[in-house]
Amino acid sequence: MALVERDRDVRAILDLLGGVGTGRGVTVLVEGAPGIGKTALLAAVRERAASSDVRALASVGGELERDLPFAIVRQLFEPPLRAASAARRAELLAGAAGLASPVFGYREKRDLSDAVYGLYWLCANLAEDGPLLLAVDDVHWADDASLRFLSYLSRRVSDLPVLLLLAGRPFDGSAFAPQVIRLRPLTEEAVRVVVRQELSLDADEEFCHACAVASGGNPFLLTEALTQLRAAGTRPVAAEAHRLEHLRAETLSRAVLARIARLGPDAVRFARALAVFGSAAQPRHVAALAGLSVDAAASVADVLAREAIVTADRPIGFVHPLLRTAVYLDASSLLRASQHKRAARVLAEEDAEPERLAPHLLAAEPESDPWVVDSLHAAATSAIGHGAPESAAVYLRRARAEPPPAARRGPLAALLGRTLAMAARPDEAAVVLREAITLTEPPAERLRLAIDLGLLLTQTGRADEAGEVAAMARGMVTDDAELPVGLYAEFVTLDLVTLRPPAAVLDRVEAIASRLTGTSDDDRMLLSVLAYGWATAGLRPAARTAELALRAAAGPLPARGAWILVNLASAALGLTDHHAEALELLDRGLEGARELGNAGDFRYLSTLRSHTAWYAGRLIEAEGDARAALERVPGEPSTPSTPLAAAVLVDALVERGELDEARRVLDEYGIGGDQPAGTLIMHFIPMARGRLRLRSGEPAAALADLLGVGKFLVDAGYLYPGFAEWRSDAVGAHLALGQTEAAAALASENLELARSFGAPRSTARALRTMAQVERGERGPALLAEAVDLLAGSPSELEHAHCLVGYGSALRRAGQRTRALDHLRHGLDLAVRCGAGGLAERARQELHAAGARPRRDALSGRDALTASELRVARLAADGATNREIAQTLFVTTRTVEVHLTSTYRKLKIQGRRQLRAMIADPPPDRRIHPPGR
């Protein structure tokens with residue numbers, strides 16, 4: 001009904017829709033009580049949108065469909081995909097959008113791929129043809145997988161020409177951050193208009209007033225009441241107003257049921273069967289459940305349609321959800337449960353997809369029926385394949401409640417635990433995985449479950465529990481057990497990340513590794529574990545460790561456990577000065593995360609890449625990777641890796657000399673206070689905090705952080721100085737506090753450990769640290785040794801530190817000419833690395849030596865932020881804005897903002913000039929290393 005109140009709401013939405021054409025999308029949530037007119041409002045908006053050349057895609061939630069994975073999403077996007085030609089469909093599902101293909105059955109899902117990310121890009125591709133209206137009615141009944149997509153889209157819709165219009169009963173819509181339109185009941189004036197349209201133009205005022213009071217302005221209640229009054233021949237006069245005194249929803253429900261009953265028993269059976277099947281029912285299914293022939297069912301449906309109880313068109317359904325509710329609730333709960341199980345059997349006879357059976361089986365009464373268990377298990381497997389672990393978890397919980405035969409209980413619990421982990425519900429997953437362990441008999445599977453549980457606990461910050469699970473896993477492995485190599489690699493990884501000393505576990509790993517060819521995925525996984533343990537604990541020489549890590553990194557990434565190989569092998573490569581190889585391996589890991597749309601893995605690996613780039617002296621890359629790991633749209637929650645990403649960003653900023661910005665990051669992400677280290681990687685946080693405090697003139701606080709890290713790592717057997725350079729920084733803190741003896745002892749231990757391992761960068765750093773505590777000629781000699789050690793090394797930043805340190809020592813010794821050569825070379829390397837603090841120190845030393853070093857102007861490439869440079873490099877390589885956005889897990893508008901700023905700073909007009917402007921300085925710009 002086109003009423004003034006609704007017209008006003010429609011106009012408000014259309015005003016927003018007009019702005020969508022400019023590329024600024026918006027989310028609108030229309031809230032209203034049942035029967036208040038949401039559906040009519042959406043229909044009016046879609047009609048107006050169509051006349052404005054805005055493409056409208058619509059879907060409706062249903063009570064029964066709330067457990068069908070991506071039910072809302074399929075209603076929205078399947079029609080345009082089906083209607084598209086094969087070539088156009090390929091375009092719509094190109095790039096990251098291809099991750100959504102399994103949702104619509106176009107290809108099998110890749111393990112761990114993120115369908116929601118793909119759906120976002122499918123939506124973006126559809127919107128390329130023009131403004132898009134996505135209208136979802138009864139969103140309060142949307143399935144969890146669709147809600148996840150709608151929430152994801154709503155936080156990014158401002159970058160697309162899309163109006164996301166959601167309508168539902170009042171519910172918590174905070175996940176969508178929308179504009180809200182709350183539908184009001186009809187005013188008395190509007191009720192008067194409706195009464196006079198439906199009954200009589202001369203309806204009495206008192207009668208109209210009674211209608212307004214009795215209906216409360218609810219359009220559905222009012223319409224149903226007027227239908228009954230008209231059928232009873234009631235005249236709209238004051239004397240008949242008393243008939244409305246008892247108008248209530250439940251009264252109307254009884255009246256509707258009475259109307260159906262008057263149509264005969266076939267109508268009652270048909271209506272009840274239709275209520276069981278819910279919306280979009282097929283007539284033959286309703287007929288089968290009602291025990292009617294298809295012809296008889298068609299006749300009954302026609303009669304019910306004429307009574308405005310069901311729709312006249314296919315798919316058949318009730319004209320309003322409240323009517324379906326009235327019929328559905330008229331039967332007892334036991335009868336409804338029985339009918340739902342029969343409905344599932346009806347669908348199964350036609351070989352319907354398992355997920356179509358599942359909602360009915362969820363409503364059925366548990367009966368220890370193996371068929372129900374098998375059907376729900378199949379539905380869960382299918383839901384996982386469609387990228388909807390939320391629905392799969394619901395199906396598996398119900399299968400376990402059937403209950404299943406004893407032999408099935410362990411496997412079902414294991415699958416449910418892993419599914420809950422995929423659905424980002426780690427607390428529930430941990431509880432179920434613990435139960436699965438107790439229900440599982442095969443030793444290898446029990447161990448695999450324990451490993452899965454332990455790694456899940458470490459990834460969610462529950463370090464103490466993870467340690468207990470690791471101990472439990474050790475109890476499952478006897479000395480003579482022959483485990484699959486890949487499983488053993490994961491077992492040892494859990495041991496290491498839960499702080500079991502590497503020396504305690506690696507002897508057996510080495511014995512097993514010596515028998516391997518090193519070519520299979522599992523072999524390489526174990527080699528990466530061994531290389532990591534050797535490097536972090538300094539158990540074997542750097543050259544031997546690097547050879548092992550390079551073997552592990554060779555070849556494609558494994559399908560299972562790729563993060564273990566990438567994480568551990570890249571760390572071993574970085575610690576042995578194979579920086580390029582470490583970064584290349586991390587890049588392959590990041591590419592794998594992008595292909596799967598896995599934002600969590602992308603952010604974690606970006607954090608690791610930032611740390612590795614910092615270690616390699618590529619500070620602009622380190623800052624860019626850290627910021628990529630922290631990039632989120634407003635309202636998106638943080639993850640367990642967020643504090644780690646903030647810590648590596650602090651490290652990069654400190655080395656770049658941006659101490660104020662580093663302090664801001666420390667405060668913004670809440671890592672400024674003492675925190676338990678927990679798992680091994682968490683030492684990043686106090687290390688970064690300690691470095692910042694040392695360089696900010698807070699040596700006492702810095703020393704507390706650094707010595708805390710030292711105790712944590714040494715107690716766990718991680719002795720190699722290069723793994724966490726707490727000793728070198730602690731020496732500086734000791735000296736700042738006047739504690740020379742402590743500084744000398746720590747520096748000596750640091751140098752001994754570094755020389756034992758033999759990696760040039762770490763040894764040079766230890767020599768430079770030792771030089772701080774030595775007096776006389778010994779200090780400069782140590783610095784000279786460090787400079788020689790790094791000649792031609794890829795560790796340019798450490799080389800720069802050693803050159804500036806040695807040049808400063810020569811200046812103080814009066815050897816001005818030699819000092820200038822080393823200081824200039826050190827300045828050149830520091831600038832190339834982006835080490836602003838070191839570069840400024842080198843300039844000061846050059847001034848003190850009587851030289852006039854040029855000061856780099858903040859223009860051109862050097863004026864770009866790390867994020868701008870990252871985007872510019874991808875653009876210069878030919879990537880489109882959309883491809884860059886998909887690569888970096890950001891929106892296209894973010895890319896546009898970065899490129900616009902880049903063009904302005906570089907004073908260029910577009911992409912054609914980018915490559916030349918952001919290229920690395922050519923080799924001939926370098927100052928050649930001076931001789932000693």
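Helices here are DSSP runs of H or I with at least four residues, numbered from the N terminus. By that count, Thr-642 sits in helix α31, which covers residues 642–655. The model is a predicted one.

Take the whole protein before the details. It has 45 helices and five strands. Its C-alpha atoms fill a box of roughly 115 × 70 × 50 Å along the principal axes. The protein has 932 residues, and 55% of them count as buried. Its accessible surface comes to about 38300 Å². Carbon and sulfur atoms hold 52% of that surface. Now consider contacts between residues at least 6 apart in sequence. Of these, 68% join residues at least 24 apart.

Next come two helix pairs. Helix α5 spans residues 115–127, and helix α43 spans residues 881–888. Their axes come within 12 Å and cross at roughly 165 degrees. Angles over 145 degrees count as roughly antiparallel, so α5 is roughly antiparallel to α43. The crossing of α5 past α43 is right-handed. On the α5 side, the contact uses Tyr-117, Trp-121, Ala-124 and Asn-125. On the α43 side, Arg-882, Ala-885 and Gln-886 meet them. By class, the residues of this contact between α5 and α43 are four nonpolar, two polar and one charged.

The second pair is α37, residues 760–773, and α39, residues 796–812. These helices pack at an angle of about 25 degrees, with their axes 10 Å apart. Angles under 35 degrees count as roughly parallel, so α37 is roughly parallel to α39. Here the crossing of α37 past α39 is left-handed. Helix α37 contributes Arg-761, Ala-764, Arg-765 and Arg-768 to the contact. Helix α39 contributes Glu-798, His-801 and Cys-802. The residues where α37 meets α39 divide into two nonpolar, one polar and four charged.

Now the buried positions. Which residues does Thr-642 touch, beyond those up to four places away in sequence? They are Leu-630, Arg-632 and Tyr-669. Thr-642 has 6% relative accessibility, so it counts as buried.

Is Thr-440 buried or exposed? Its relative accessible area is 8%, so Thr-440 is buried. Leaving out residues up to four places away in sequence, Thr-440 touches Gly-410, Glu-445, Arg-446 and Leu-449.

Ile-918 belongs to helix α45. At 5% relative accessibility, Ile-918 also counts as buried. Its contacts, again without residues up to four places away in sequence, are Arg-861, Leu-864, Leu-869, Ala-872, Arg-873, Ala-876 and Leu-906. One of these, Ala-876, is 42 residues from Ile-918 along the chain. The C-alpha atoms of Ile-918 and Ala-876 are separated by 8.4 Å.

Finally, check the backbone. Most residues other than glycine have a negative phi, and most peptide bonds are trans.

The peptide bond from Glu-402 to Pro-403 is cis, with omega near -10 degrees. Pro-403 is placed in the loop between α18 (389–401) and α19 (406–422).

Asp-351 has a positive phi, near 55 degrees, and is a residue other than glycine. Where is Asp-351 found? It is in the loop between α15 (333–349) and α16 (354–363). Asp-351 has 69% relative accessibility, so it counts as exposed.

Lys-907 has a phi near 55 degrees, again a positive value in a residue other than glycine. This residue lies in the loop between α44 (892–906) and α45 (914–918). Its relative accessibility is 75%, so Lys-907 counts as exposed.

Technical notes
Residues are numbered from 1 along each chain as its sequence is written. This is a predicted model: local features need pLDDT of at least 70, side-chain atom pairs count only at pLDDT 80 or more; totals for chains, interfaces and linings use all residues. Side-chain values use heavy atoms; hydrogens and water are left out. Buried means under 20% relative accessible area, exposed over 50%, partly exposed in between (1.4 Å probe, protein chains only). Axes are lines fitted to C-alpha atoms, for helices over the stretch in contact, and angles run from 0 to 180 degrees between N-to-C directions. Angles under 35 degrees count as roughly parallel, over 145 as roughly antiparallel, 65 to 115 as roughly perpendicular and the rest as oblique. A crossing is left-handed if the near helix is turned anticlockwise from the far one by less than a right angle, and right-handed if clockwise. Contact means heavy atoms within 4.5 Å. Ala, Val, Leu, Ile, Met, Phe, Trp, Tyr, Cys and Pro count as nonpolar, Asp, Glu, Lys and Arg as charged, and the others, Gly among them, as polar. Accessible areas come from the Shrake-Rupley method with a 1.4 Å probe; for residues, only the protein chains shown count as cover.
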